[in-house]
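Here are my notes on this one, written to be read with the model open beside you. Please follow along point by point and look for each place as it comes up.

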Amino acid sequence: MTAADLFYGPPAVAWAAAAYKLPAVRRRPADPGLQFYWLTLTSLALALTMLVPSIYVLIDDLTHVPNLARLLGDGFALVTAWSVQAFLAYLSFAARKARVVARHLGYLLLTTLVALSILFAWVPVEEGALSFVQRSGNVPSILAYRLVFLGFLGLAAFNVARFSWRYATVAPRPALRVGLWLDALGGGVGLIFVTHEGLFVLSRAAGTRYPIPQPVTVSGILIVFGVLLTVGGSTMPSWGPRVGVPWLYRRVAAYRSLLRLYPLWLALYRATPEIALLPPSGRLVDVLTVRDPGFRLYRRVIEIRDGRLALRPYIDSRVEGIARSLGHDAGLSEDERQAMTEAAILAVAIRQKAAGQTIDHTAPSPRIVGGTDIVGEATALERVAHWFNRSSLVRDVVVRLDQAESGRIEGPAC
């Protein structure tokens, strides 16, 4: 990555994204979330443009105010940080609450901008441009300026990562979900940038050697990746479907489900081998096989269900009561208790079948968790597989059942 890429690449990407979204803004002028989104892209483009060396020097020459371009660029960066938080507030909350969040953040932005302007006016810098940050270890007002700026930027990066990740879990469209994940990663890169810059400034103020070589270049690289992730993620809902992002998302999601369901499927296969169309070839082969994930997931879900049906003569009616009681004591939600209970039912039934012991008190029609389609079924079974593979509560159910069987305690009735 050359120096020209660091200086000219990010503003070019930001201006292209702002131009790309401008028609949508004109079509929906009453959408405040979209307005904040476009303001985010435009102010980001302006902030990055101010720091292009030729433009930086030009502004200083025209105004005769050393490093005024730095103040303008930082100001636009803070506007970007405010507007992206407001945009995410409109995604995450009702319009009324989003307006309140945007207004409160706006007051904080105004206070920060005033503080930066006052500190900038106190800076005793007379020499030419591009020296502002490098002198931050020598001038207390510049140190304070940088820390105030980074503090607001860090708050924004944290909120971007937090809100984007949270909304991605309920986003209705694959392209939007992937885009929000990229935005969350961009927020994470922003936090790394703020941490790096803050430690660099403080190390200069303390007169100590900063351990990372070429810190200015590192900052530039972090800015490039942060901009690419944020701009790419925020525009993905528009261009993602055109390049096959939903198709790729479904394939990756199916492959991930296959990996998560493998241990549960393998346990059921070992209990009833005839459920499988093809016998297992080993965990490594399963991981390395990436073809036809959709069909393979369909088969895996069907075979898990068949394995569950084959265990019906071994399902102990007492397990559900014990499992739900333990889940309640552990503070599990209703969905978690249901998945854990199903995992415990399967674990006990597999053990009983391996021992060749049918159950006299089988449950007549135990409830089975599931969804309305293959994706929903796979998602529900993934929760069961999670408890089946890792939960100590499932082992506790087995212990309690053994104790009840031996007469030391009486198992709860269903």
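1. Let's start with a pair: α9 and α11 are roughly parallel to each other (angles under 35 degrees count as roughly parallel, over 145 as roughly antiparallel, 65 to 115 as roughly perpendicular and the rest as oblique). Helix α9 covers residues 245-271 and helix α11 residues 293-310, and they pack at about 30° with axes 9 Å apart (axes are lines fitted to C-alpha atoms, for helices over the stretch in contact, and angles run from 0 to 180 degrees between N-to-C directions).

2. Some ground rules. This is a predicted model, where local features need pLDDT of at least 70 and side-chain atom pairs count only at pLDDT 80 or more, while totals for chains, interfaces and linings use all residues. Residues are numbered from 1 along each chain as its sequence is written, and side-chain values use heavy atoms, leaving out hydrogens and water.

3. Of its 414 residues, 47% count as buried (under 20% relative accessible area; exposed is over 50%, partly exposed in between, with a 1.4 Å probe and protein chains only). Among contacts between residues at least 6 apart in sequence, 74% join residues at least 24 apart (contact means heavy atoms within 4.5 Å).

4. Back to the first pair. On the α9 side, the residues meeting α11 include Leu258, Leu261 and Trp265, and on the α11 side they include Leu297, Val301 and Ile304. By class, this contact has twelve nonpolar, three polar and five charged residues (Ala, Val, Leu, Ile, Met, Phe, Trp, Tyr, Cys and Pro are nonpolar, Asp, Glu, Lys and Arg charged, and the others, Gly among them, polar).

5. Now compare α12 (residues 318-329) and α13, whose axes come within 9 Å and cross at roughly 140°. That makes α12 and α13 oblique to each other. Ala323 and His328 are among the α12 residues that meet α13, where Met340, Ala344 and Val348 are among the partners. The class count here is six nonpolar, four polar and four charged residues.

6. Is Arg337 buried or exposed? It sits in helix α13 (residues 334-354), and its relative accessibility is 15%, so it counts as buried. Setting aside residues up to four places away in sequence, Arg337 touches Arg324, Gly327, His328 and Leu332.

7. Take a look down the axis of helix α3 (residues 53-63), where Tyr56, Ile59 and Asp60 are buried. Seen that way, the buried residues of α3 fall within an arc of 95°, so they line one face of the helix (the arc is that of the directions from the helix axis to the C-beta atoms). Their cover includes α2 and α4 (68-92). Just after α3, His64 takes a positive phi of about 60°.

8. Last stop: Ala45 in helix α2 (residues 32-50). Ala45 is buried, because its relative accessible area is 0%. Beyond its neighbours within four places in sequence, Ala45 is in contact with Pro11, Ala14 and Trp15. Also check Gly73: it is 28 residues from Ala45 in sequence, and their C-alpha atoms are 9.6 Å apart in space.

Notes. Helix = DSSP H or I, 4+ residues; strand = E, 2+ residues; numbered from the N terminus.
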